[in-house]
Amino acid sequence: MGIHIDFNSDEAIYIQLRNQIVLGIAKEEIHDGESLPSVRQLAEELGVNMHTVNKAYSMLRQEGYLTMDRRRGAVISIEVQQRPADNLHTTMKLLVAEAICREMKQEDLHKLISDMYQEFDSFL
């Protein structure tokens, strides 16, 4: 799993980590049942605080992307289909609001989303 943190980004490190794991799942670079590195191991590998990795793992667990196993640690366990899409709805609503603020036409936003789906097409 290749995770790259941009320490100059305005985006919080734990959010970058969470997002890259979700992208890894979508691109099938990380599979259901696969163990992630321990909090300590990943923190050392990335050069970040253990609490940062723990916060990202916590978010992923709450969102249904992973479970914690006493023997195996953090394990990818895709249960998001069983959870309400409230968080996704809120995120999309904010993205649409930002597009409107930037005066982006609805058709252009649709095309952008369609293009993004095509990027993942080989993984679906």
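Which residue lies over the face of Tyr14? In this predicted model, in which local features need pLDDT of at least 70, side-chain atom pairs count only at pLDDT 80 or more, and totals for chains, interfaces and linings use all residues, that place belongs to Lys55, at 4.3 Å from the ring centre. A charge is taken to sit over a ring if NZ of Lys or CZ of Arg is within 6 Å of the ring centre and within 35 degrees of the ring normal. Residues are numbered from 1 along each chain as its sequence is written, and side-chain values use heavy atoms, with hydrogens and water left out.

The protein has five helices and two strands, taken as DSSP runs numbered from the N terminus (helices H or I, at least four residues; strands E, at least two). Along the sequence these follow the pattern α-α-α-β-β-α-α. The C-alpha trace spans about 50 × 35 × 25 Å along its principal axes.

Tyr14 and Lys55 also take part in the packing of H1 (residues 13–26) against H3. The two helices meet at an angle of about 45°, with their axes 8 Å apart; axes are lines fitted to C-alpha atoms over the stretch in contact, and angles run from 0 to 180 degrees between N-to-C directions. Contributors to the contact (heavy atoms within 4.5 Å) include Ile13, Leu17 and Ile21 of H1 and Val53, Ala56 and Leu60 of H3. By class, this contact has eleven nonpolar, one polar and two charged residues, where Ala, Val, Leu, Ile, Met, Phe, Trp, Tyr, Cys and Pro count as nonpolar, Asp, Glu, Lys and Arg as charged, and the others, Gly among them, as polar.
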